Amino acid sequence: MQTIAERLDSARKGIDQAATSAHRPPKTVKLLAVSKTKPVSDIIEAYEAGQRMFGENYVQEGVEKVQELSGFKDIEWHMIGPIQSNKTKVVAEHFDWVQSVDREKIARRLNEQRPASMPPLNVCIQVNIDDEGSKSGVALNDLASLVEFVASQERLCLRGLMAIPKANPSEEQQRVTLSKLKELFDHYHTSLSNFDTLSVGMSSDMAEAIQHGSTMVRIGTAIFGKRT
Ligand SMILES: *Cc1c(COP(=O)(O)O)cnc(C)c1O
């Protein structure tokens, strides 16, 4: 059995390797440790091994962990799961980033509810890149207007795009999807000042995502083990 520290170390080495083989400096790819369903003790173990960015999917579970670990001032908390509009307030009050904004209503509420005492909330727009009916994320046709809306909100800082590509794609499918995402990212990256994040790549497709310009991979299983 490997420890969390050992698995984190392997994940970081995997990132460095993938970046290097893509001719990119390793520091251009950040590692978000996805701790959903895992106990606070696992997060502390990762923290002690140097990890500072953590991602949670479920609002209530995430908020409880943020509160329980409020003494760890330098943890950066990312909400990466779907958000219902009646949950925006607690999210705005507890998280540093929300990567799963996919409609105007959610963005407007997060903006209104972000406490004045906190810095602007970092936001990624989640894109339904493979146009899957079942998936969250804004449709490609609606992306431009959502980008414009989020960028205009004073209490939000638009940082980039997030996507969850289709599971088990063919190599060709994967290449097409990741290239399309990279193209969208580059378009906004050149025109918007804080737009620096392309959040794509999980335990199973990390290397391919980095090959295609990912700046943040979201890794759960490979660090914390299988979820039950
Ligand atoms: C669970 C989850 C991850 C991590 O997935 P793993 O396969 O465990 O690495 C990444 N992103 C999102 C949005 C998730 O829900």
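Guide: The protein chain has 9 helices and 8 strands, and the model is a predicted one. With 228 residues, a compact globule would have a radius of gyration near 17 Å, and the chain agrees with this at 17 Å. Its C-alpha trace spans about 45 × 45 × 30 Å along the principal axes. Buried residues account for 50% of the 228. Of the contacts between residues at least 6 apart in sequence, 59% join residues at least 24 apart. The accessible surface is about 11,200 Å², and carbon and sulfur atoms contribute 49% of that.

Now to the aromatic rings. The structure holds 4 aromatic pairs. One of them is formed by Phe54 and Trp77: the ring centres are 6.0 Å apart and the planes meet at 40°, so the pair is tilted. This angle falls between the limits of 30 degrees for stacked and 60 for edge-to-face. The pair links distant parts of the chain, since Phe54 belongs to strand β2 (residues 53-56) and Trp77 to strand β3 (residues 76-79), 23 residues apart. Both partners lie under the 20% limit for burial: Phe54 has a relative accessible area of 0%, and Trp77 has 4%.

Another pair, Phe185 with Phe195, has ring centres 5.9 Å apart and planes at 35°, so this pair is tilted. Phe185 is buried at 5% relative accessibility, and Phe195 is buried at 1%. Together with Tyr188, these two phenylalanines, Phe185 and Phe195, form one aromatic cluster.

Arg52 lies over the face of Tyr47, at 3.6 Å from the ring centre.

The cysteines come next. The structure holds 0 disulfides. A disulfide is a covalent bond between the sulfur atoms of two cysteines. For Cys124, the closest cysteine sulfur is that of Cys157, at 9.8 Å, which is too far for a bond. The cut-off applied to a pair of cysteine sulfur atoms is 2.5 Å. Seen from Cys157, the closest cysteine sulfur is that of Cys124, again at 9.8 Å and too far for a bond. Cys124 is buried, with 0% relative accessibility. Cys157 also counts as buried, at 16%.

Two residues stand out in the backbone. Thr37 is not a glycine, yet it has a positive phi of about 70°. Thr37 sits in the loop between β1 (30-34) and α2 (40-48), and with a relative accessible area of 39% this threonine is partly exposed. Asn168, which is not a glycine either, has a positive phi of about 45°. Asn168 is found in the loop between β6 (156-163) and α7. With a relative accessible area of 75%, Asn168 is exposed.

How values were computed:
Residues numbered from 1 in each chain as written. Predicted model: local features only at pLDDT ≥ 70, side-chain atom pairs only at ≥ 80, totals over all residues. Heavy atoms only, no water. Phe/Tyr/Trp six-rings, centres within 6.5 Å; stacked < 30°, edge-to-face > 60°. Helix = DSSP H or I, 4+ residues; strand = E, 2+ residues; numbered from the N terminus. Buried < 20%, exposed > 50% of the residue type's maximum accessible area, 1.4 Å probe, protein only. Lys NZ or Arg CZ within 6 Å of the ring centre and 35° of its normal. Rg over C-alpha atoms; globule rule 2.2 N^0.38 Å. Contact = heavy atoms within 4.5 Å. Areas by Shrake-Rupley, 256 points an atom, 1.4 Å probe, with all protein chains shown as cover.
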